[in-house]
Structure formats: structure tokens, C-alpha cells
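Please consult the sequence and structure shown here.

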Amino acid sequence: MVSYNIAEKIRVELEEMIRNSIRGAQEEGELPPFDVPVVPIEASRDRSHGDFATTVALTLARSARMAPRAIATILAKRISAPCGYVERVEVAGPGFINFFLNRVWLEETLIMIEDAGTAYGTSDFGGGARIQIEFVSANPTGPMNVVNARAGAVGDTLANIFAAAGYQVSREYYINDAGNQVDVLGKSVELRYRQLLGEPVELSPECYQGDYITDLARRALDERGRDIASMSDDERRNFFKSYAVAEILRMQRESLRNFGVEFDVWFSEKTLEDSGADKQVMEILDSKGLLYEKDGAIWFKSTAFGDDKDRVVVKRDGKYTYLLRDLAYHKNKLDRGFDRIIDIWGPDHHGYVARTKAGVQALGYPQDALEVLLLQLVTLYSHGEQVRMSKRAGEFITMDELIQEVGKDAARYFFVMRNIDSHLDFDMELAKEQSQENPVYYIQYAHARLSSIMRQAAELGVKYVPAREANLGLLAEDAEVELIKKLAAFPDEIIAAARDRAPNRIAKYALDLAGMFHSFYNSYRVLSDDRELTAARLVLANATRIVLRNLLGILGVSAPERM
RNA sequence: GCGCCUAUAGCUCAGUGGAUCAGAGCGCCGGCCUCCGGAGCCGGGUGCGCAGGUUCGAGUCCUGCUAGGCGCACCA
């Protein structure tokens, strides 16, 4: 795979320079013998500290038994700059080695972006490892809520990030279509159906009360008429159960699709039951001596794998617990050959993390095969007031309503803009705002502006000169140099977001990049009488637009050419 | 009682494997369109919850505390 990561290329080169310096200094006795370490090279945060820097001298101080600054000086002296990308090297502070680069890497960055196009930002960081990410997996008992929406945006964006970072990604949705809740669902719809027929029945308190239940009952009545009523009790119960689940699932899938979220696999819990997969898990645990009976139930010795207490897997009534079924599911996932499986759960499920991981280990998989991300909840605000919701009473804003209200683009961006560990306050007015206060519009506006410039250029008959042929040395203003550096950092930003499972980093990076462009735009004209400068700036504008478009693609937000 | 998450500017939040970070936006005040889209830009200032610890160096790591959120089922 072609690498489009200039920063990586530079890091490799700089690291090699330093390692050679260390070896050379050791051979000549300037440094004592020790194993040559991995040399960390990082982009400098402050311009006055060069473009890249290493702290290797500081970390070496102990093993070399020398002052870090002395080590840095010895190493820096051995680097013959200018050379390659390096203009000059300096020692600073307690022992940092700062690298000041020449313009070559900036110009290569622009050429690379133009070559790569939509592929710019991708890398082979993941090495093609197979990663599966399961998210949303809402109960099929009602419409999607805003927390499901956040999970959808976060999961899908993360999946996009993984794909860009060089992983093979599979998106999966677990359908909780077995167990008590779907029985209750079926019963709820059945009772509403009978009410529609005029029967004097009441919904019991555990039933789902929302209007959608009545809608489902009415639809069943429209489609199937009264013949459902003449079924046997068992038949009718099963009919409503499967009818309701299928219909709700269809609605959920539609909601997600409207939100730009599509899954590779929809996995039914019921199939685990039907195939005896849960029973098989019991046999494995039993054969390993990890089961025991107590108080009429069967327990899994999860404490043997770090859980704080053992867990029931077969209830006194002989039924399997959710945990057991979930272990069967995770076994199924791991048996499909993924190198890593990631679950996104709500914070209310955090108690299940330790026991599920214990189970995965007990079944013979590596400790880190399963990774659970706990995504914090969402509070909607409207006109500064918290929007109160009660699912039991059927009073809540659904995912569909929210998206209809604020739009898909704003919703997707808002849901990922915070750290997943942080509770999200979602300001509906801000999401709808069409001004700089709204980060989504701010970013999209930058893209539209760039598109407009490219259009203008075409209309004026200004021919686009490819980066290789343009005089990129003319892009020397601070605003231009900073912008190019930001563009150069894009592949690393994706890698960092993948590594940290942090989609918010991409949202932030996009905002920063848009800001840098707007700033540049206000100070300098792209299209001018100076043909050479115009050509160079068009290359920069085009590169910026490519990166913004790729970023918005990862976020699942549209990149409009006009607004 | 136990567990997970959170605590950074008046507000909402960034701060990537410690160092060469205290930052952005909003709000407030003042500026910028004979010029590619003003849905834009520029300038103005205050802060890492508290207490210890590790280190040459701590918003960042460790411990304890305080405050807030969410959990702690033989429910799913």
C-alpha cells in the first residue's frame, strides 16, 4: 500500500539520524555503551521550537549517567545539517533536540494530497487487522432514542476512522429479539389490537405505553384484519411478537439509514438460542470446571478471571441468564476470526464489562480480544431548558424527530464532538443555528468557500496547474505555512483517533483546519493578477478542500459545494 | 458500602506515550467589505476542584478527599 503520510516519512528519517548519532558517539567513546533505544520524534507544538523534536536525550540521561543537555549536544553535533529535510538542528531547554526543516516537506505534502485525493489521510497503521465494532444494538421494543443516535454516530465514525487507519472493519448490530422484553412487546401490541376491536382490556403496568404500540396494532389490523383475533392464544401471541419485532426493526434500520449509518451484519440473538450456542458455552465452562451449583442456580466462577463476584448463568427456573447468552454471542463473534472486537455500551451496562471479559477469557480467548467502550449519555437542551424525557410514559424525543429537527449533518457532528467519556449536552438551537457559532456550518462553509474559489477560477479561465509544476515556494506567508503543516498532520490525526478510539479528535481537527483556512482567506487572495502565485494558491486551496472533504466523509457529514 | 465516568476562563469544551502550553469558541468591548461567498476575519483577559506522592519536570501518572452523573438482579 502506498503511504501518504509525510510526517511518518520524516519521523523515520529523523529517528535514523539520531540512532546513527548515538551509535557513532558510542563508538568514539563520547557516550557510554547502552542499547540504542526507540527514538520518539514528535511534531513541535510551538513554531519557535522547530518542526519536529525529540526528548531522547532526557530519557537517556539515566542509563548514560550524563546530563541530558550534554547528551543532546553530543547527538546534535553529529548531525550534518542541512541534509535531506533538515535545515538545522538545535539543542534547547533541558535537553530537547529540535529539528528545523526546510520547505521540501511542505511542498511534498501538497503534491501528495493532490496525488492521493480521496485516499489522503489513509494509512496502513492497522496493517489490515480485522476489527469488528458492535454498536447501537437497541432493544427492538420501540423507536430509537437520542442515546442510540449518539451511539450510531460515534460507532459509525469510529468505524470510518479504523478503515482509514488501515483496518478491515465490520459494523454489527445485535438484535435483542429473545427474552422477556419481546414477550412484553408482543403482548402490548396485542392488547392495543384488542382495544381497537372494542374489547374492554387494559394494558398492564409493565407494558409499553407509547403511541407507536397503537400504531403497530392499527397497522396489523389494516393488514391482517380480524382474522388474528380468531387465532389460538399461542398463535396470536407469537404472531404479535414476531410482527412487532419485525416492524420495529424495520423502522430502526430506516432511522439509521437516514442517519448515514449502515451495518454489515444484523445478528439475531434468537439464532443463538435456536442453534444451541448457549448450551455449548455451558458445556465448555463445565468442562473447565468453572460452573457450580448454589441456591438452586448454576454459577459461573467469573472471579477466577478478575470479576468481583461469581455470576449466575442458569436461573433457578432453568432459564439461561442474559450473561450466558451474551457470552455465546461474543464467542460467535470471536470465532468469526476478528483480531479485535469492540462493543459500544451505555454507561448503565458498565457492571457487565468485568463479567463479560471474564467469560471471554474463560472460553479461551485472549484477555484483550474484547474491548468495551462506555459511551456516556446525552441531554437535550432547547432554549436553554433541559428536555425532560420519560420512556415509560412514552414521552421522549426520538432519533427521527431530532434528525428531522436539526438535520443529519448537525446531529452527526454534535454527537461526536465530545469525548465519548463525557456526558453530552446537545443544544438543539445551536445545532440549527446557521452561523459561525455552529461548528458544523463553520466547517461546511469553509468547504463551500473553497469550492466557490475553484469554480471562480474555472469561470475566469484560470487553468489549474498541478502541484508538481507550480511554484510552491511562493506559499511563504505564515498563514500558508501553518495551513500546510495542518494538512500534513491529517494522517497522523486519524491514526491517533483510531488508537485512542476518539472520534472527537477528528471533529476538533476539522474545526481547527476550517479556522486556519478562514483566517488565511481573509488575509490573502487566492485569485489575483499574479499568475504564478495564483497557481500556487490554487494548489493549496485544492489540497485544503480535499482534506476537508475527506474529513467530513469520515464524520458522515455532507460536504456542500454551495450553501 | 462498592464500581464506572466527570471536575480546566463567567458559559460550553480542547489539551495525542510527562518536558517546548494553559488553549478555542461563546458572552463582553473595539475594529475589518471599491477585493475569490461577512454563514467570514482581526484585536482586548481571567483558570487546571482540594491535599499529598512519584519525577530533573505533573491539567496530564499514583493515592486520599470533595462535588456531580450513572450503575451495583437468579431483568434484558
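The model is predicted: local features need pLDDT of at least 70 and side-chain atom pairs pLDDT 80 or more, while totals for chains, interfaces and linings use all residues. Residues are numbered from 1 along each chain as its sequence is written.

Elements are DSSP runs, with at least four residues for helices (H or I) and at least two for strands (E), numbered from the N terminus.

| Element of chain A | Residues | Mean pLDDT |
|---|---|---|
| Strand β14, lowest | 385-386 | 76 |
| Strand β6, highest | 168-175 | 96 |

The second largest pocket holds about 1,200 Å³ of space. Of its 37 lining residues, E42, A43, S44, R45 and D51 are the closest to its centre. Elements giving two or more residues to this lining include α1 (6-27), β1 (41-43) and α19 (503-523). At least three lining residues come from each of domain 1 (6-102) and domain 4 (435-555), with bounds from an automatic or database domain assignment. A pocket here is an open set of points on a 1 Å grid where a 1.4 Å probe fits, with protein on both sides within 12 Å along at least five of seven lines; lining residues have an atom within 4 Å of a point.

Strands pair if DSSP finds at least two bridges between them; β9 (residues 297-300) and β10 are joined by 3. W299 has V312 in β10 as its bridge partner.

How values were computed: Chains lettered and ligands numbered in written order. Heavy atoms only, no water. pLDDT = per-residue confidence, 0-100. Points joined across faces, edges and corners; volume = space filled by probe spheres on them.
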